[in-house]
Amino acid sequence: MAIKSLIKDTYLAVVKNSVGSKSFRNFYVLDGRKKIDIAENGDLSCAWFVSVVLNLFDLIDAPHLTVDRVERELKISGWREISKPKPGAVIIWSPASSGKEALHRHIGFYVGINKAISNDSKYGYPAIHNWKFRKAKSSGSRAIEAILWNSKLDVVV
């Protein structure tokens, strides 16, 4: 009996196990002589988190720090828009309707049963939340811009 890799299951386990991890919180650059954390201690880490996981599974060629760059890389790497999310899909949300997040698009993973995992800028690490960002009495809602899927996740190797 041959052993087969279950890439999608492993990929989803890595995404789910990332909840609460501070691993994606920082990305440092040198601006002249000054060291700067351009991920702002987790405030701007959503693209870094998503792209590192996707790159780990060879689903994109390189990690990126902006949603625009990750989206571009997803399209180059064969990701296609789908109408209904399925576990493992990547979701891109519009900027929030209010608050600090109102300036930035957001990206994360759909993990099933109406849940997504993405970086929570309030805490600076990945957290699980409603995939449509629906919260009781919340003013910071986000619209879904795209749900993306890669057929490599359908393959058992």
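Student: Is glutamate 40 buried, partly exposed or exposed, and what is its relative accessible area?
Tutor: Good place to start, and do keep in mind that this is a predicted model. Glutamate 40 sits in the loop between strand 2 (34-37) and helix 2. Buried means under 20% and exposed means over 50%, with partly exposed in between. Glutamate 40 is therefore partly exposed, as its relative accessible area is 40%.

Student: What is the phi of glutamate 40?
Tutor: Glutamate 40 is not a glycine.

Student: Let me step back to the whole protein. In what order do its elements run from the N terminus?
Tutor: Happy to zoom out! The secondary structure comes to three helices and eight strands. From the N terminus on, the order is α-β-β-α-α-β-β-β-β-β-β.

Student: How does the radius of gyration compare with the globule rule for 157 residues?
Tutor: For 157 residues the globule rule gives 15 Å. The protein is close to that, so it is as compact as a globular protein of that length. Its C-alpha trace spans about 55 × 45 × 30 Å along the principal axes. The radius of gyration itself is 16 Å.

Student: Among contacts between residues at least 6 apart in sequence, what share joins residues at least 24 apart?
Tutor: Burial first: 41% of the 157 residues are buried. As for the contacts between residues at least 6 apart in sequence, the share joining residues at least 24 apart is 56%.

Student: How many of the eleven residues of helix 2 are buried?
Tutor: The buried residues of helix 2 are Cys46, Ala47, Trp48, Phe49, Val50, Ser51, Val53 and Leu54. Helix 2 is largely enclosed by the rest of the structure, because its buried residues number eight of eleven.

Student: Which elements do those buried residues pack against?
Tutor: There are both helices and strands among the partners. The helices are helix 1 and helix 3 (67-76). The strands are strand 4 (90-93), strand 5 (106-112), strand 6 (115-120) and strand 7 (125-130).

Student: Are helix 1 and helix 2 roughly parallel or roughly antiparallel?
Tutor: Two packed helices are described by the angle between their axes and the distance between the axes. The axes of helix 1 (residues 7-17) and helix 2 (residues 46-56) come within 11 Å and cross at roughly 150 degrees. An angle over 145 counts as roughly antiparallel. Helix 1 and helix 2 are therefore roughly antiparallel.

Student: Which residues of helix 1 and helix 2 meet?
Tutor: Helix 1 passes helix 2 in a right-handed crossing. From helix 1 come Tyr11, Val14 and Val15, and from helix 2 come Val53, Leu54 and Leu56. Sorted by type, the residues of this contact are six nonpolar, no polar and no charged.

Student: Is leucine 56 buried or exposed?
Tutor: Leucine 56 belongs to helix 2. Between leucine 56 and valine 14 there are 42 residues in sequence and 9.8 Å in space, C-alpha to C-alpha. The relative accessible area of leucine 56 is 59%, so leucine 56 is exposed.

Student: Which residues make the contact of helix 2 with helix 3?
Tutor: The crossing of helix 2 and helix 3 is left-handed. On one side, helix 2 contributes Cys46, Ala47, Val50, Ser51 and Leu54. On the other, helix 3 contributes Val67, Val70 and Leu74.

Student: How do the residues of that contact divide into nonpolar, polar and charged?
Tutor: In the contact of helix 2 with helix 3, no residue is charged. The others divide into seven nonpolar and one polar.

Student: Which residue just after helix 2 takes a positive phi?
Tutor: The value there is about 60 degrees. The residue is aspartate 58.

Student: And where is asparagine 114?
Tutor: Asparagine 114 has a positive phi of about 60 degrees although it is not a glycine. With a relative accessible area of 43%, asparagine 114 is partly exposed. Its place is the loop between strand 5 and strand 6.

Methods
Residues are numbered from 1 along each chain as its sequence is written. This is a predicted model: local features need pLDDT of at least 70, side-chain atom pairs count only at pLDDT 80 or more; totals for chains, interfaces and linings use all residues. Side-chain values use heavy atoms; hydrogens and water are left out. Axes are lines fitted to C-alpha atoms, for helices over the stretch in contact, and angles run from 0 to 180 degrees between N-to-C directions. Helices (H or I, at least four residues) and strands (E, at least two) are DSSP runs, numbered from the N terminus. Angles under 35 degrees count as roughly parallel, over 145 as roughly antiparallel, 65 to 115 as roughly perpendicular and the rest as oblique. A crossing is left-handed if the near helix is turned anticlockwise from the far one by less than a right angle, and right-handed if clockwise. Contact means heavy atoms within 4.5 Å. Ala, Val, Leu, Ile, Met, Phe, Trp, Tyr, Cys and Pro count as nonpolar, Asp, Glu, Lys and Arg as charged, and the others, Gly among them, as polar. The radius of gyration is taken over C-alpha atoms; the globule rule is 2.2 Å times the number of residues to the power 0.38. Buried means under 20% relative accessible area, exposed over 50%, partly exposed in between (1.4 Å probe, protein chains only).
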